[in-house]
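This briefing covers selected helices and residues of the structure shown below. The points are grouped by topic.

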Amino acid sequence: MTTGQNIFGLVIAVGLCLAVGFISGRSVPGEWYQELAKPTWTPPNWIFAPVWTILYIAMGIAAWLVWRQSGFATAAIPLSVFLLQLLLNGLWSWFFFGMRNPGLAFADIIILWLAILATMILFWMRQAAAGILILPYLVWVSYASALNFAIWRMNQN
């Protein structure tokens, strides 16, 4: 693989992750979210964009490392699971903010968490650095899952 192909692959992998973040970011918290009861441990809204940007970049680099080492055909299963979790990630914002449905978003985030765990394990088996890059994402989504659950429970009528 040439240097140009490597760079192109990295740009595509990171760009895809950032694109999911950008698209899902269109379902932004509005007045509805501001009016919800939230636990005291809810972070300020400004923290989400920088955290997610870092996580999306790390996810893209992880996918690129697996792709660079094996190619898509050889690493089809780990990369397909990665794409599945990326889809679930994008859907969460739509379910929570777009549809204003924290219960459906919670169901999504549980499946997302399992898909991230599977991605981390499959990436780790291919290349340890790729699995390590997914770990902060799993930790953040674990926290987000607890937050999603708490908001859902606190706002059931």
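S24 belongs to helix α1, which runs over residues 3–24. The model is predicted. In it, S24 has a relative accessibility of 8%, and because the cut-off for buried is under 20%, S24 counts as buried.

**Surroundings of S24**
- The side chain of S24 comes to 3.3 Å from the backbone oxygen of G21.
- Leaving aside residues up to four places away in sequence, S24 touches Y56, G90 and S93.

- Helix α4 is made of 23 residues.
- From first C-alpha to last, α4 reaches 32 Å, close to the 33 Å expected at 1.5 Å a residue.

**Helix α5**
- Helix α5 covers residues 102–126, 25 residues in total.
- Its first and last C-alpha atoms are 35 Å apart, close to the expected 36 Å at 1.5 Å a residue.
- The buried residues of α5 are P102, G103, A105, F106, D108, I109, L112, A115, I116, T119, M120 and F123.
- These buried residues pack against four helices: α2 (31–35), α3 (48–74), α4 (76–98) and α6 (128–154).

**Nonpolar surface patch**
- L16, F72 and L83 make a nonpolar surface patch of about 250 Å².
- Of these, F72 is located in helix α3.
- F72 has a relative accessible area of 43% and is therefore partly exposed.

Terms used: Residues are numbered from 1 along each chain as its sequence is written. This is a predicted model: local features need pLDDT of at least 70, side-chain atom pairs count only at pLDDT 80 or more; totals for chains, interfaces and linings use all residues. Side-chain values use heavy atoms; hydrogens and water are left out. Helices (H or I, at least four residues) and strands (E, at least two) are DSSP runs, numbered from the N terminus. The expected span of a helix is 1.5 Å times one less than its number of residues. Buried means under 20% relative accessible area, exposed over 50%, partly exposed in between (1.4 Å probe, protein chains only). Contact means heavy atoms within 4.5 Å. Patches are made of residues with over 30% relative accessible area and no salt bridge: like charges are joined within 9 Å, nonpolar side chains (Val, Leu, Ile, Met, Phe, Trp, Tyr) within 5 Å. Accessible areas come from the Shrake-Rupley method with a 1.4 Å probe; for residues, only the protein chains shown count as cover. A salt bridge is a side-chain nitrogen of Lys or Arg within 4 Å of a carboxyl oxygen of Asp or Glu. A polar contact is a pair of N or O atoms within 3.5 Å; within protein, one must be able to donate a hydrogen and the other to accept it, and residues adjacent in sequence count only if both atoms are side-chain atoms.
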